[in-house]
Amino acid sequence: MNRQSWTKTVTQNRMKCEQILSISNDIRYAGVFNEYGRTISGKIKSGIKPIFSPDTVRHEFFAIASMMRLREKTSKTLGEVEIILITHKKINILLFYKNGITHYITINKKTELSATLINKIKKIITQV
């Protein structure tokens, strides 16, 4: 990928992250990373204190990217991954995966994860 197309990819994904954050005040972070866990773009909501240190984020994204690559191997049998939800005591994480790219969205635990919220996020992610 040349520099110009990389800049375009980063800009497009940054705009998507900003759109996702604007859906709800309970969305804390929206980010995108590649199949190796390298961040393409990410944005934390203004006024939110990050939970992870930069080092921990790198490890988290690498682990998730590795899991997504492994899930991809079963997609011929089960169909493509549409969404993965990881729930923790403090936070919920929504993962959307397509073509080696993972969208990673963190949401406050108190928020009800409705089909409407998920579909709004999915619509932003899938727009060209």
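**View 1. Y29 is buried, with a relative accessible area of 16%.** Buried means under 20% relative accessible area, with exposed over 50% and partly exposed in between, for a 1.4 Å probe and protein chains only. This is a predicted model, in which local features need pLDDT of at least 70, side-chain atom pairs count only at pLDDT 80 or more, and totals for chains, interfaces and linings use all residues. Residues are numbered from 1 along each chain as its sequence is written, and side-chain values use heavy atoms, with hydrogens and water left out.

**View 2. Five aromatic pairs turn up in a search of the whole structure.** The rings of Y29 and F61 form a tilted pair, because their centres are 6.5 Å apart and their planes stand at 35 degrees. Rings of Phe, Tyr and Trp (its six-membered ring) pair if their centres lie within 6.5 Å; planes under 30 degrees apart count as stacked, over 60 as edge-to-face and the rest as tilted. Y29 sits in strand β1 and F61 in helix α2, so the pair ties together parts that are 32 residues apart in sequence. Helices (H or I, at least four residues) and strands (E, at least two) are DSSP runs, numbered from the N terminus. F61 counts as buried, at 4% relative accessibility.

**View 3. F33 and Y104 make a tilted pair.** Their ring centres are 6.2 Å apart and their planes are at 55 degrees. The pair links distant parts of the chain: F33 belongs to strand β1 and Y104 to strand β5, 71 residues apart. Both F33 and Y104 are buried. Together, Y29, F33, F61 and Y104 form one aromatic cluster.

**View 4. Helix α2 has 19 residues.** From its first C-alpha to its last, α2 reaches 27 Å, close to the 27 Å expected at 1.5 Å a residue. The expected span is 1.5 Å times one less than the number of residues. Its buried residues are E60, F61, I64, A65, S66 and M68. They pack against β1, β2 (39-44), β3 (84-87), β4 and β5.

**View 5. N13 lies in helix α1.** N13 is buried, with a relative accessible area of 10%. Leaving aside residues up to four places away in sequence, N13 touches V32, I40, S41 and H103. Contact means heavy atoms within 4.5 Å.

**View 6. The largest pocket has a volume of about 640 Å³.** A pocket is an open set of points on a 1 Å grid over the protein atoms alone, where a 1.4 Å probe fits, with protein on both sides within 12 Å along at least five of seven lines; lining residues have an atom within 4 Å of a point. Grid points are joined across faces, edges and corners, and the volume is the space filled by probe spheres set on the points. Of the 24 lining residues, K16, H103, I125, T126 and Q127 lie nearest the centre. α1 (3-23), β4 (91-98), β5 (101-108) and α4 (115-126) each supply at least two lining residues. The largest share, seven residues, comes from α1. The lining divides into 10 nonpolar, nine polar and five charged residues. Ala, Val, Leu, Ile, Met, Phe, Trp, Tyr, Cys and Pro count as nonpolar, Asp, Glu, Lys and Arg as charged, and the others, Gly among them, as polar.

**View 7. The second largest pocket holds about 380 Å³ of space.** It is lined by 18 residues, of which I51, F52, I91, Y104 and T106 lie nearest its centre. α2 gives the most to this lining, with four residues. By class, the lining has 13 nonpolar, two polar and three charged residues.
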